[in-house]
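Hi there,

Here is the structure I promised to pass on. Have a look at it first, and then read my notes below.

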Amino acid sequence: MRKASTADADSEVRQARQVRSLAREVAAIAALLPGVLLAATLCFGAPADPSQIPSIFRPQSTPANSILHLSLLVLAITGAIFAVVFSLLAYSVRKFRQRDGDDGREPAQVYGSNQVELAWTVIPILIVLVLFLATARVIHSIQDAPKPAGAIEVIAIGHQFWWEFRYPTLGVVTANELHVPASNPANSTPTFLTLLSADTDHSFWVPQLAGKTDLIPNRSNHIWIDPQETGVYLGQCAQYCGTQHAKMLLRVYVDSPQQFDEWVREQKRLWVSNDTVAEGRRIFETTACVNCHAVAGTVADGRFGPDLTHLMSRDTIAAGAAPNTRENLRAWIEQPDSIKPGSLMPAMQLNEKDLEALTDYLETLR
Ligand code: HEC
Ligand SMILES: [Cu+2]
């Protein structure tokens, strides 16, 4: 008799402890909710200039837009499930909590109810089916979109730790800063990108324009974007590809069609020989620079590093790691690690005089 009552007391203590820990979990979830809501308002209520906020909540291109709509649908469905489950849980925890004077008996147990079993099998299957079909529809609409005649073609190649952009039909090669024309519904000029990698895995991600897509060695992946608002859209390599992955930034310049044509024309112009920088040019062309860098129309035809033919047309150097100013250029050539530790360009140990002359030469690459 005494034994039995000790066992009863034990199980009561255990039950009480379980209920208390459950209540604590519920309280923790409830405490998290305001945080989630705050994060959501920050994302949606972000301030002015949309192009400078790389937020998936402010899409500026069709693929990014379809992905956002799908996410909102998924969020609404899972949010509704969360609300129902959470309310039932909170209700049960409160209603059936242990009270003084409980007799400690187990409540009635329900087994083998066909209706209940059927309901919690069929309803989740339907929910998953809806999520699956909605997702499949969006994937199909993005991946199998037809390429219109006016589409711009770009081959984007990921390198440790910079981006190479080649426009095969326009004969343009550049790095890190992708220029595309704004597309408008009447005369659609989307940009179709083929994504390749020169070394390891990278991921092309400009949140406002399209979903993340990986660049994988020996494989070609494809994405397209059709931004309508001009401006600069920021992005980032979204796959850890080595020490400087975090400084492998992406800038997409959406130009008006006229600006874009003008840009293409400028990029196709060849360097005009300039006697005042002959010494700098000599240094460039007689050191290892030419093994890694190309300058169209000269002996420099390396492809390990960015094409420098129109270096000065870019706003940044080293994949967005620093603004393209004379001081930064000089500091970069003297010691790339001072701007981007671990970058794959070696410091070439040039003396002050040669550095100056070389920087002068680079500044003529417009
Ligand atoms: C072993 C190959 C190699 C050599 C040699 C080399 N570079 Fe580089 N260079 C690179 C790589 C790789 C990058 C890209 C670094 C990054 O962004 O992570 C780069 C970036 C640059 C950039 C920035 C370009 C841009 O648009 O971001 C400049 C300018 C540059 N190099 C100039 C030079 C000069 C001048 C020399 C010769 C003194 C030189 N490089 C020698 C590999 C090399
Ligand atoms: Cu990368």
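How many nonpolar, polar and charged residues does the shell around ligand 1 have? The shell has 23 nonpolar, seven polar and two charged residues. Here Ala, Val, Leu, Ile, Met, Phe, Trp, Tyr, Cys and Pro count as nonpolar, Asp, Glu, Lys and Arg as charged, and the others, including Gly, as polar.

Before you go further, please note that this is a predicted model, in which local features need pLDDT of at least 70 and side-chain atom pairs count only at pLDDT 80 or more, while totals for chains, interfaces and linings use all residues. Residues are numbered from 1 along each chain as its sequence is written, and chains are lettered from A and ligands numbered from 1 in the order in which they are written.

Back to the ligand. In total, 32 residues surround ligand 1, and A288, C289, C292, G305 and M345 are the closest (a residue is near a molecule if its C-beta atom, placed from the backbone, lies within 6 Å of it). Two or more residues of the shell come from each of α6 (289-292), α7 (326-334) and α8 (352-362). Both domain 1 (21-97 + 113-254) and domain 2 (275-362) give at least three residues to the shell; these bounds come from an automatic or database domain assignment.

Now the overall fold. The chain has eight helices and twelve strands, taken as DSSP runs (H or I, at least four residues, for helices; E, at least two, for strands) and numbered from the N terminus. Of its 366 residues, 24% count as buried. Buried stands for 20 or more other C-beta atoms within 10 Å of a residue's own, exposed for 12 or fewer, and partly exposed for anything in between, with C-beta atoms placed from the backbone.

Helix α2 includes the buried residues T62, P63, A64 and I67, and their cover includes α3 (114-143) and β8 (221-225).

Finally, find P168 in the loop between β2 (162-167) and β3 (172-175). P168 is exposed because it has 11 other C-beta atoms within 10 Å. Beyond its neighbours within four places in sequence, P168 is in contact (C-beta atoms, placed from the backbone, within 7 Å) with E153 and I155.

Enjoy exploring!

Key
Two residues are in contact if their C-beta atoms, placed from the backbone, lie within 7 Å.
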